[in-house]
Amino acid sequence: MSSETRSPLPLPLRRHASGESKNLATVSSSILPAFGTVIDEGYLQLKKYTIAPYDRRYRWWQTFLVVLVIYSAWSSPFELAFKKVATGSLMPVDLTVDAFFVADIILTFFVAYLDKSTYLLVDDHKKIAIRYATKLWLPMDIASTLPFQSIYRIITGKMHHDEVFGFLNLLRLWRLRRVSELFTRLEKDTRFSYFWTRYIKLISVTLFAVHSAGCFYFWLATHHKIPKDTWIGAQIGDFKQRNIWLGYTYSMYWSIVTLTTVGYGDLHAENTGEKVFNILYMLFNIGLTAYLIGNMTNLVVHGAIRTFVMRDAINEILQYASKNRLPEGLKEQMLAHMQLKFKTAELQQEEVLEDLPKAIRSSIAKHLFHRTVEKAYLFNGISDDLVSQLVSEIKAEYFPPKVDIILQNEIPTDFYIIASGAVDVLMYKNGTEQFLTKQGPAEMAGEIGVIFNIPQPFTVRTKRLSQVIRINHHHFKQMMQQQNEDGKIIILNFVQYLRSLKQELQQEIPFLTELLGDMNIEHVESSQEPQNTETLRSDNDEGANTQGTPTSYPLSSTLPVRVVIHGHHPNENTRDNSTRGKVIHLPDSIKDLLELAEKKFGKQGNTILMADGTQVEELSAVRENDHLYIF
């Protein structure tokens, strides 16, 4: 890379000349490197006496010039209409303002620019000067800055009041491009309200149009041969000798009344020139009014678009509920959920998070939910790595009061951690709804069905507005595949929780005693002691066998795999109750599986086949819900 073109600096280094940037809201206006551009550490600094266009001090200078531009936009038409002030009180001010713009012309020769073809920052002084001199900018900047009337006075020694100087002063309006650039930058800057930035821009355009039209209309009156045959002369015969601000007030009054199409008729065109100007001004007003109305409508509609979407969604729900004759309670739940969805959209912002890199999403989730997950009993004592993995995959949701989060007997696909609010645990039994218990923040719901892989035993309903964290059981099991020790802790926490449940709750969980027996509880507890090399077999509900078997503890006993075992050959057709399939959790070894089958079917087997007749030699090949035939 040559020394004449520099790669744009990385964002943390760009603003070195003006200190570190503490707000990244102006990234949209910063110079960005093209894809594939190599940033050479040797070219991080610009050439000496070169100003970066994104330097904070240079931006402040540009903002100061905008203030002077606003003055120029007011004074140029004003001095054309009231030429006395051009050589009087405003002349020193004009010269001072012009001096600042002369300084800016000189400064521009030292400001680096972005090459649009290569997107590289050019800091070579010769190229900067050639680019500035060969474009329209330099001659127009010079023409809009030269004080022609003062130069004429210096050369001739006389003060000339010819109209040509008034029109030459209008060249200063070239500076208005700086105001346009400022508003463009502010509209992209998230530190400022887009609505108010756009609103101020529209007001500024309107005021400039009103001011310019009023001043030019007064200029027409002052140059008519017969002053009384003018729009203002018909009201004030000696208006040329009257106070300047009186004439300016009349001009602004006429301009605003005409722009707003009020048309009182007290000030109207008296000659042909004024009538032509009125026609042109009113045609211009049609376009300006359409521009203003269109922009304001867009701003208002943009602010209310979410309300329109919400109302349409609610109307669709009402139509759907009416068409399908849904119960009133269910319709109210649908409406409450939809309203809450729109109310909490700013808090969730799923569409925003989806566009962010995974690392940023994970950091956000960790900041918001790390402590909540750690407080849940199921994850008590697990490693911080697993907690970080969990929070990166969770989804936060809001539920209004009296809404079912989990339905009894539904397929277990997710389980929840209650972040805020409260829920009731209910059960339908004998056609009636029974209240079992209440759960609050940091407590869990739905984990029993997920871990046991059984239909959800309870209905969980919100008691008040609640925020819950949803964890998908597929993601959860995938994480557990590489977290063996954490899996053991989770199962131990889960079993301890089940044992601490009230007796009436335990009785409502189907096959709880058998399921606990198949989970090798003593095995999990013994695996927490490093000195214990002997692993206990799973105890059964009769306590028939307690002899330990030296074997490793695979993941299958951490997250139990449910299989169906049969006590006969897969080709045999039998309706004997004693040989019907039985659902079990897969043990740790083939020996344990054979012993469990012997206990279940009352006969010893030594061969294990799959449904297709394939012989099983390793339990790691067995998957969820497989049918095993043992004989």
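**Helix packing in the predicted model**

The crossing of helices H2 and H4 is left-handed (the near helix is turned anticlockwise from the far one by less than a right angle; clockwise would be right-handed). The structure is a predicted model, in which local features need pLDDT of at least 70, side-chain atom pairs count only at pLDDT 80 or more, and totals for chains, interfaces and linings use all residues. Residues are numbered from 1 along each chain as its sequence is written, and side-chain values use heavy atoms, with hydrogens and water left out.

The axes of H2 and H4 cross at roughly 140 degrees and come within 10 Å (axes are lines fitted to C-alpha atoms, for helices over the stretch in contact, and angles run from 0 to 180 degrees between N-to-C directions). H2 is therefore oblique to H4 (under 35 degrees is roughly parallel, over 145 roughly antiparallel, 65 to 115 roughly perpendicular, and the rest oblique). On the H2 side, the contact includes Tyr58, Trp61, Phe64 and Leu65. On the H4 side, Val93, Val97, Phe100 and Phe101 are among the residues involved. Contact here means heavy atoms within 4.5 Å. The residues of this contact divide into 13 nonpolar, three polar and three charged. In this scheme Ala, Val, Leu, Ile, Met, Phe, Trp, Tyr, Cys and Pro are nonpolar, Asp, Glu, Lys and Arg are charged, and the others, Gly among them, are polar.

The protein chain has 25 helices and 15 strands (DSSP runs numbered from the N terminus: helices are H or I with at least four residues, strands are E with at least two). Buried residues make up 42% of its 631 residues (buried is under 20% relative accessible area, exposed over 50%, partly exposed in between, with a 1.4 Å probe and protein chains only). Among contacts with a separation of 6 or more, 68% join residues 24 or more positions apart.

Trp74 lies in helix H2. Trp74 counts as partly exposed because its relative accessibility is 28%. Beyond its neighbours within four places in sequence, Trp74 is in contact with Leu90, His211, Trp245 and Tyr248. Trp74 and His211 are 137 residues apart in sequence, yet 7.5 Å apart in space, C-alpha to C-alpha.

His211 in H10 and Tyr248 in H11 also take part in the contact between those two helices. H10 spans residues 194-222 and H11 residues 244-259. Their axes lie 8 Å apart, at an angle of about 120 degrees. H10 and H11 are therefore oblique to each other. Their crossing is right-handed. The residues of this contact divide into 11 nonpolar, six polar and no charged.

Helix H9 covers residues 176-188 and has 13 residues. From first C-alpha to last, H9 reaches 19 Å, close to the 18 Å expected at 1.5 Å a residue (1.5 Å times one less than the number of residues). The buried residues of H9 are Arg178, Val179, Leu182, Phe183 and Glu187. What covers them includes H2, H4 and H10.

A further pair is H16 (residues 358-375) and H17 (residues 384-393), with axes 7 Å apart and an angle of about 115 degrees. H16 and H17 are therefore roughly perpendicular to each other. Their crossing is right-handed. Residues in the contact include Phe369 and Val373 of H16 and Val387 and Leu390 of H17. The residues of this contact divide into six nonpolar, four polar and five charged.
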